[in-house]
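User: I'm new to this one and would like a walk through it. Could you show it to me?

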Amino acid sequence: FFFLMIRRPPRSTQSRSSAASDVYKRQTWDNNRQLNSNMEGLQIETIKAGDGKSFPQKGSKVSVHYHGYFPDGTVFDSSVQRGEPFEFTVGVKEVIAGWDEGVAQMSLGQKVKLTCPPNFAYGARGIPGVIPPSATPVSYTHLRAHETGRNLVCRLLLEKKK
């Protein structure tokens, strides 16, 4: 669980305008994938579109499956390999900033490739022995469910029956 369970380092002390963090460039590729990139370098590439209607809000509990790896292809964590989805609450700093911001932009069922620059991941220090300094982790992430309270449990039970 290294990718998600380790607290992210404090954000850069540089001030960031909320307008700048809300500006995203959209670009449709030939293969219908979409790449969203914000001003600080967080990249969200849509691999499979979600429902386009149901997005998690701050405080929503989400269930995701993911493969976390480095740009050289080294896998460092995978909920898929463990066979168990990962759950966390969006927007409350339980995960790295790239996941808080990236997953909040995903709709139900969407699969994306999240590329998190160091300022959205583990920073210049990294995690000694696990995450190299100034690493840019990448994850293939699937938003399986997002709800509050018992609705998440109901959604997961329905998915298991499929």
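User: Is Ser107 buried or exposed?

Analyst: This is a predicted model, where local features need pLDDT of at least 70, side-chain atom pairs count only at pLDDT 80 or more, and totals for chains, interfaces and linings use all residues. Residues are numbered from 1 along each chain as its sequence is written, and side-chain values use heavy atoms, leaving out hydrogens and water. Buried means under 20% relative accessible area, exposed over 50% and partly exposed in between, with a 1.4 Å probe and protein chains only. Ser107 has a relative accessible area of 2%, so it counts as buried.

User: Which loop holds Ser107?

Analyst: Helices (H or I, at least four residues) and strands (E, at least two) are DSSP runs, numbered from the N terminus. Ser107 sits in the loop between helix H4 (97-104) and strand E7 (111-115).

User: The side chain of Ser107 reaches the backbone nitrogen of which glycine?

Analyst: Two backbone nitrogens come up here. That of Asp51 lies 3.4 Å from a polar atom of the Ser107 side chain. At 3.0 Å, the side chain reaches the backbone nitrogen of Gly52.

Definitions and conventions: A polar contact is a pair of N or O atoms within 3.5 Å; within protein, one must be able to donate a hydrogen and the other to accept it, and residues adjacent in sequence count only if both atoms are side-chain atoms.
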